[in-house]
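This briefing summarises selected features of a predicted model. Please inspect the sequence and the structure shown below before turning to the points that follow.

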Amino acid sequence: MTAFVVANLSTREVGRRWAALLLVAGLPLWFYLVRRDLAGQSTRMLTLGIGWAVSTLTLFVVNASRSVDPRLRLAGASVVSIIGGRLIAMTGVGLALVVGYWMLVGFDQDVLHLWAAGLMMLLTALVAAPLGSLIGALLPRELEGALALLSVCAVQMLADPAGTIAKVMPFWSAREVGTYAIDGGSLEMVWRGLAHAGVVWLLGTAGTLAIFQWRLRIARYPEP
Amino acid sequence: MIDWPAVFEAELLRLGLQPGRARQLSEEATQEAADHAGTPADLFGPAHLYARHLVAELNAPDDQRGRQRYAPGPVFLSLAGVTKRYRRYTVFSGVDLTLRGGEVAAIVGANGCGKSTLLRICAGLTRPSSGAVRRTRRVGFVPQDGGTAGWLTAEEHFTLFGAAAGMVPGRARSTGVHLATRLAWRPSRRQRAQQLSGGTRQKLNLVLGELHAPDLLLLDEPYQGFDQGTYLDFWQQVFAWRDAGRAVVVVTHLLHDLQNVDHVLDLGGGGDR
Amino acid sequence: MMSRPWLHGFLDLCLLAMLRERADYGYGLSQRLAAAGVADVPGGTLYPALLRLEQQGLALPSWGPSETGPRRKYYAITPAGIDVLTGQADEWSRFRDGVDSLLAAAVQTVHREQR
């Protein structure tokens with residue numbers, strides 16, 4: 001399927017920029033190390049770092065392929081396969097990060113519900129890619145897109161978890177599930193987290209596809 | 001003096017001739033010089049200049065009697081009264097064209113008069129403000145520059161573009177490599193697109209445009225003046241496509257001898273009409 | 001220097017005429033042209049012209065032995081070439097007659113003025 005070829009090549013493309021990859025992979029680590037003494041803080045910051053890294057990566061990948069995508073469309077590819085392929089690739093990168101960091105947390109911290117910590121990271125990685133691509137779709141200039149993403153992540157980090165602003169932020173699910181993972185509590189939190197992540201994922205993916213369906217539209221001329 | 005036949009043959013290859021033909025011409029030139037009891041340089045002048053001259057002569061328009069003309073094929077593109085307006089500003093209006101397979105159309109005009117816009121309308125990347133466009137579905141688009149992924153190798157590009165057209169990766173790669181050979185280019189497996197020289201990137205763009213064997217090719221003429229080593233005779237490729245029965249639309253930015261072209265769309269000096 | 005299509009037609013006509021007379025190779029044709037006092041055609045013009053005739057199917061190449069080494073390329077006229085030659089020869093005659101008549105008129109004028 002075309003989407004998988006696109007995903008494969010997207011991954012290769014990104015894989016060649018190993019300096020960028022190192023920085024992307026390392027970002028969560030710095031977040032983690034700074035708060036390493038506190039199990040809760042460190043794990044949450046780590047997760048947020050994963051979200052930020054993956055969404056930034058996706059933002060740039062989506063913007064970088066601006067000149068190629070119309071040609072792929074003319075050759076016959078559908079928007080779903082082009083954009084879907086890129087999303088699959090970046091989600092894959094995110095999942096790789098999650099696996100690595102989950103093991104780190106498992107060894108290095110004493111977490112109440114380790115599986116929930118893993119789930120928290122997983123949800124964040126899954127949500128991050130559509131978030132990055134949605135911003136990329138809305139703001140096709142790299143600087144503007146990066147600044148928008150930066151603002152979102154900053155607010156995410158600084159907002160009072162109890163307030164309404166926090167609930168509207170894309171990575172709120174990480175907070176919910178994370179609270180359960182570290183401090184325990186009702187399983188309700190996990191369900192709420194899953195639901196929130198699901199909605200954000202849907203909005204991000206559907207929004208991205210819709211916008212690119214419009215941006216990459218090719219006039220359907222009848223045959224002569 | 002450096003080996004005249006070798007330089008001659010290398011230049012012919014660079015100009016896109018098949019290796020066998022290039023070697024044959026080189027041997028014949030050597031023999032002809034021997035007949036004249038002189039060196040090839042004496043008889044023909046500098047090797048690379050003679051090679052260019054020879055290829056130009058062989059491609060030059062034949063006078064009416066000798067010309068081999070293929071009968072034009074089905075209509076692959078038709079424009080009727082195509083107009084493009086941005087708010088109050090009319091870029092061009094009333095463009096008409098009926099283009100068949102085996103024909104070449106050139107879009108000319110001053111800078112900024114909308115040549116690339118018209119090409120994009122033909123592709124479908126932009127819609128006309130008014131007028132009707134009909135086009136075959138099998139179309140290839142070759143931009144002036146860009147349109148490639150800098151971090152991927154040539155073969156990976158073939159795979160990507162081939163997959164977009166529904167080709168299996170293996171077949172896409174082999175087709176791409178084969179088309180590249182016709183342009184006297186052997187894509188390196190290691191080099192990424194951004195590491196390619198300008199002329200080689202042009203060749204990559206051309207191959208990607210025709211990878212899925214389109215009936216209609218839309219080309220934006222690349223800038224001239226690339227490094228000598230990989231300069232491609234762009235128009236030679238255009239006429240090769242025409243002779244293969246395809247329809248070609250070329251946006252040309254330079255003054256050219258347009259005698260060989262079947263249709264010329266002159267968009268003039270730009271501005272309101 | 002004559003313009004390209006003009007020289008082409010002119011040179012092609014001479015080459016076809018010589019080939020009609022007998023098949024020959026490049027250097028031989030060049031010598032015959034010079035001997036006829038027609039032109040000293042440089043190699044860089046003659047050989048591409050022969051290749052074009054071959055490409056257009058008006059001359060057929062064959063290879064024969066040569067004293068100096070590798071085989072020598074001979075050209076022979078084809079039936080298509082004979083057709084083209086006949087047509088071009090007609091045109092040339094008409095053209096030459098026209099120029100001659102103009103020249104004759106000019107010479108007469110000169111003579112009149114000299115008296």
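Across the interface of chain B and chain A in this predicted model, 12 residue pairs are in polar contact, both residues of each pair being at pLDDT 80 or more. On the side of chain B that touches chain A, two or more residues come from each of β1 (75-86), α5 (115-123), β4 (130-135), β5 (139-142), α6 (154-164) and α8 (198-210) of chain B. The largest share of that side, 6 residues, is supplied by α6(B).

**Interface of chains A and B**

- The contact involves 39 residues of chain B and 25 residues of chain A.
- Between them, chain B and chain A bury about 2900 Å², of which 63% lies on carbon and sulfur atoms.
- Within chain B, the most area is lost to chain A by B:Trp151, B:Leu160 and B:Ala164, which together account for 22% of what that side buries.
- Chain B and chain A are linked by 2 salt bridges.
- A salt bridge joins B:Glu156 to A:Arg16, with the closest N and O atoms 2.7 Å apart.

**Arrangement of the chains**

- Of the 2 pairs of chains that touch, chains A and B have the most contacts.
- Chain A and chain C do not touch, and their nearest C-alpha atoms lie 34 Å apart.

**Chain B overall**

- Chain B contains 9 helices and 8 strands.
- Of its 273 residues, 52% count as buried.
- Among contacts in chain B between residues at least 6 apart in sequence, 73% connect residues at least 24 apart.

**Helix α8 of chain B**

- The end C-alpha atoms of α8(B) are 19 Å apart, which agrees with the 18 Å that its 13 residues should span at 1.5 Å a residue.
- Helix α8(B) is mostly covered, with 12 of its 13 residues buried.
- The buried residues include B:Gly198, B:Thr200, B:Gln202, B:Lys203, B:Asn205 and B:Glu210, as well as B:Leu204, B:Leu206, B:Val207 and B:Leu208.
- These buried residues pack against α4 (69-75) of chain A, and also against β5, α6, α7 (169-182), β6 (216-220) and α9 (234-243) of chain B.

**Strand β3 of chain B**

- Strand β3 (residues 104-108) of chain B is largely enclosed by the rest of the structure, because 5 of its 5 residues are buried.
- In a regular strand, side chains alternate between the two faces of the sheet.
- Both faces of β3(B) are covered: B:Val104, B:Ala106 and B:Val108 are buried on one side, and B:Ala105 and B:Ile107 on the other.
- Strand β3(B) runs parallel to β7 (residues 247-251) of chain B, to which 4 bridges join it; here B:Ile107 stands opposite B:Val251.
- Strand β3(B) also pairs in the parallel sense with β8 (residues 263-266) of chain B over 4 bridges, and B:His263 in β8(B) is the bridge partner of B:Ala105.

**Helix α3 of chain C**

- Helix α3 (residues 43-55) of chain C has 13 residues and reaches 18 Å from its first C-alpha to its last, close to the 18 Å expected at 1.5 Å a residue.
- Because 10 of its 13 residues are buried, α3(C) is largely enclosed by the rest of the structure.
- Among the buried residues of α3(C) are C:Gly43, C:Gly44, C:Leu46, C:Tyr47, C:Pro48 and C:Arg52.
- Just after α3(C), C:Gly57 adopts a positive phi of about 80 degrees.

Note on methods:
Residues are numbered from 1 along each chain as its sequence is written. Chains are lettered from A and ligands numbered from 1 in the order in which they are written. This is a predicted model: local features need pLDDT of at least 70, side-chain atom pairs count only at pLDDT 80 or more; totals for chains, interfaces and linings use all residues. Side-chain values use heavy atoms; hydrogens and water are left out. The expected span of a helix is 1.5 Å times one less than its number of residues. Buried means under 20% relative accessible area, exposed over 50%, partly exposed in between (1.4 Å probe, protein chains only). Two strands pair if DSSP finds at least two bridges between them. Contact means heavy atoms within 4.5 Å. Buried area is the accessible area (1.4 Å probe) that two parts lose on being put together, summed over both. A salt bridge is a side-chain nitrogen of Lys or Arg within 4 Å of a carboxyl oxygen of Asp or Glu. A polar contact is a pair of N or O atoms within 3.5 Å; within protein, one must be able to donate a hydrogen and the other to accept it, and residues adjacent in sequence count only if both atoms are side-chain atoms.
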